[in-house]
Amino acid sequence: MDRYAVMGGNPLVGEVEIGGAKNAALAILAAAVMTDEPVTIENVPDVRDTNVLLQAMESIGVLIDRPERHTVVMNSSQICGCIIEDEFMKKIRASYYMIGALLGKYKRAEVPLPGGCNIGVRAIDQHLKGFRALGAKVEIAHGSIIAEAEELKGSHIFLDKVSVGATINIMMAATMASGKTTLENVAKEPHVVDLANFLNSMGANIKGAGTDVIRIKGVEKLHRTEYAIIPDQIEAGTFMVAAAASRGDVTVKNVIPKHLECITAKLQEIGCRVEEYDDAVRVVANGKLTSTQIKTLPYPGFPTDMQPQMTVALGLATGTSIVTEGIFDNRFKYVDELVRMGASIKVEGNMAVITGVEQYSGASITAPDLRAGAALVIAAIAADGETIIEDIKYIERGYEDFDKKLKRLGVRIEKVSNDRDLKKFRFKLA
Ligand code: UD1
């Protein structure tokens, strides 16, 4: 099993290039099956989640070519079924985007129900409500969601809860429904906008993405396109917070600074200097960090996917901070691992009360999920001594070359698969 070995104590210094947004890529790759013509998608991150989704798509006959590491050329004219197998759903929850895409184009989809996950219950009732409002018959049988329709018809849908996944899934299904769909109380995340732009580049008629109301005029057919995915807001935020926690100086390149505003604002509040450029941000942290309060919210609020990383930084800030998780019901599981590294954090329900400590100390810990895994790596970088992080497969779901990028910023980190590798890492540092 691969692990990261990290020798803490070095600040992050230098420049890092951010890749394409994983969550936008998952939606856009799924949506690409909605045309029979070839689609070229650039800036696709080479991470486990996107690669598993591509395998799921290949399993139903989508022809996929990868002329370069970050470019995917897809041809969906030879699709031979609308059933996604369980093995893919087990590996990646977002395979459920195939429901919206296949239902939209073929009026039929069968996808296994996504299970629970490490950050709490993740209902999909709003997705199903949307498909039904468009006229689909949706039933759950033998552990799968089966959605079908003679015809999809535009509708007026009000989401009871702001959901990124439901907004994306319903938007895809409505794109090829007859007539007009109005989708209210929708998610405004950058990847919702990116998906709308992608679908529009294939001939869809979607307006309002990025606001509370999305209006879609159904079209009969979508056509070929070439499209580049936006930079990853969360990967960028992770490096920004890693710079802060390690008292470093990092220029995070190839980003859209507007998407990072809420992270920038919090870092400034806790004593960092953040400089914004056209497509880069520089985070300089040379003094003590100070405490603050954070509540995670739908975009443009503070992202839940940055909550663990920020908690790690606040664990080293002077004073008492409060972090409230406003999206998921069980997203503080990693705190136990952080406490083993010397953090002083008490979790009460969806709130963490953090009393800053001088320094973390290296320990043997386990990544519980993707973002918490990245957060624990940040803790390891800022810690005194060596940390071993197990289960890095979670981190690899969403961060491309995480260890290599950190190494280039001066972090002493190595991906090790056995004791021999670990000994070599220690020997090199001695
Ligand atoms: C997406 C992101 C994930 C991020 C999350 C919140 C992808 C692939 N994943 O997940 O990284 O953490 O947004 O920004 O883009 N809910 C319901 N009913 C539904 C759908 C959701 O009650 O039908 C609830 C969820 O349980 C959760 C909240 O709504 O409490 C937000 O979930 P949602 O925005 O749907 O998250 P995901 O799309 O799963």
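Author: Helices here are DSSP runs of H or I with at least four residues, strands are DSSP runs of E with at least two, and both are numbered from the N terminus. The model is predicted, so local features need pLDDT of at least 70 and side-chain atom pairs 80 or more, while totals for chains, interfaces and linings use all residues. Residues are numbered from 1 along each chain as its sequence is written, and side-chain values use heavy atoms, leaving out hydrogens and water.

Reader: Which helix gives the most to the lining of the second largest pocket?
Author: A pocket is an open set of points on a 1 Å grid over the protein atoms alone, with protein on both sides within 12 Å along at least five of seven lines, and its lining residues have an atom within 4 Å of a point. Helix H2 (48-58) and helix H14 (402-408) each supply at least two residues of this lining. With three residues, the helix that gives the most is H14.

Reader: Between which domains does the second largest pocket lie?
Author: The domain bounds come from an automatic or database assignment. Since both domains give residues to the lining of this pocket, it lies between domain 1 (3-18 + 231-429) and domain 2 (22-228).

Reader: What is the volume of the largest cavity?
Author: A cavity is a set of grid points where a 1.4 Å probe fits but cannot get out, and by this rule there are two cavities of 30 Å³ or more. The largest cavity is lined by Gly19, Gly20, Lys22, Pro45, Val47, Asp232, Glu235, Gly398, Glu400 and Lys405, which divide into two nonpolar, three polar and five charged residues. Domain 1 and domain 2 both contribute to this lining, so the largest cavity lies between them. Its volume is about 60 Å³.

Reader: How many nonpolar residues are in the lining of the second largest cavity?
Author: The second largest cavity, with a volume of about 30 Å³, is lined by Pro231, Asp232, Gln233, Ala236, Val255, Ile256, His259 and Leu260. Alongside two polar residues and one charged residue, the number of nonpolar residues in this lining is five.

Reader: Which residue in S16 is the bridge partner of valine 250?
Author: Two strands pair if DSSP finds at least two bridges between them. Strand S14 (residues 249-253) runs parallel to strand S2 (residues 13-17), joined by five bridges, and aspartate 249 in S14 is the partner of valine 13. Five bridges also join S14 to strand S16 (residues 280-284), and these two run antiparallel. In S16, the partner of valine 250 is valine 283.

Reader: Where is proline 300 placed?
Author: The peptide bond from tyrosine 299 to proline 300 is cis, with omega near 10°. Proline 300 is in the loop between strand S17 (293-295) and helix H10 (307-314).

Definitions and conventions: Grid points are joined across faces, edges and corners, and a volume is the space filled by probe spheres set on the points. Ala, Val, Leu, Ile, Met, Phe, Trp, Tyr, Cys and Pro count as nonpolar, Asp, Glu, Lys and Arg as charged, and the others, Gly among them, as polar.
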